[in-house]
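The sequence and structure are shown first.

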Amino acid sequence: MSPAEQIVAELAANAATHGRVPGRDFRLTLYVVGGTLRIEVTDTRGDRLPRLTRPAPDATSGRGLLVVAALAGRWGVTPGPHPRKTVWAEVDVPR
């Protein structure tokens, strides 16, 4: 699995798990500008901003954003418009 595929999988899983509101879906947007692929996942839980944490060694979850941070050149969260938030990551595209 490529870094971009892994990032999409992690961000989509996080949106489905933590950003879910009954009756509402999340949106995945991918686009390339110059040599950079930008991955954006928007959900309707703007009140739940993700935080990069280190789970206990025996924890069975909580590593998704660590994976994103390790694979992406840059990542972050953009709030709004209410009630949404967008978690994004950027990776360099091989030429």
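## Aromatic rings

The model is predicted. Across the whole structure, the search for aromatic pairs returns 0.

A ring does take part in a contact with a charge: the charged end of Arg-38 is placed over the ring of Trp-88, at 4.2 Å from the ring centre.

## Packing of α1 and α2

Two packed helices are described by the angle between their axes and the distance between the axes. Helix α1 covers residues 3–18 and helix α2 covers residues 64–71. They pack at an angle of about 150°, and their axes are 9 Å apart. Angles over 145 degrees count as roughly antiparallel, and α1 and α2 are therefore roughly antiparallel to each other. The crossing of the two helices, α1 and α2, is left-handed.

On the α1 side, the contact is made by Pro-3, Gln-6, Ile-7, Glu-10, Leu-11 and Asn-14. On the α2 side, they meet Gly-64, Leu-65, Val-67, Val-68 and Leu-71. By class, the residues of this contact comprise 7 nonpolar, 3 polar and 1 charged.

Strand β3 spans 74–79 and strand β4 spans 85–92, and Pro-81 is found in the loop between them. The peptide bond that joins Gly-80 and Pro-81 is cis, with omega about -10°.

Pro-83 also lies in the loop between β3 and β4. A cis peptide bond runs from His-82 to Pro-83, where omega is near 5°.

Methods:
Residues numbered from 1 in each chain as written. Predicted model: local features only at pLDDT ≥ 70, side-chain atom pairs only at ≥ 80, totals over all residues. Heavy atoms only, no water. Phe/Tyr/Trp six-rings, centres within 6.5 Å; stacked < 30°, edge-to-face > 60°. Lys NZ or Arg CZ within 6 Å of the ring centre and 35° of its normal. Axes fitted to C-alpha atoms, helices over the stretch in contact; angles between N-to-C directions. Helix = DSSP H or I, 4+ residues; strand = E, 2+ residues; numbered from the N terminus. Parallel < 35°, antiparallel > 145°, perpendicular 65-115°, else oblique. Left-handed = near helix turned anticlockwise from the far one by under 90°. Contact = heavy atoms within 4.5 Å. Nonpolar A, V, L, I, M, F, W, Y, C, P; charged D, E, K, R; others polar.
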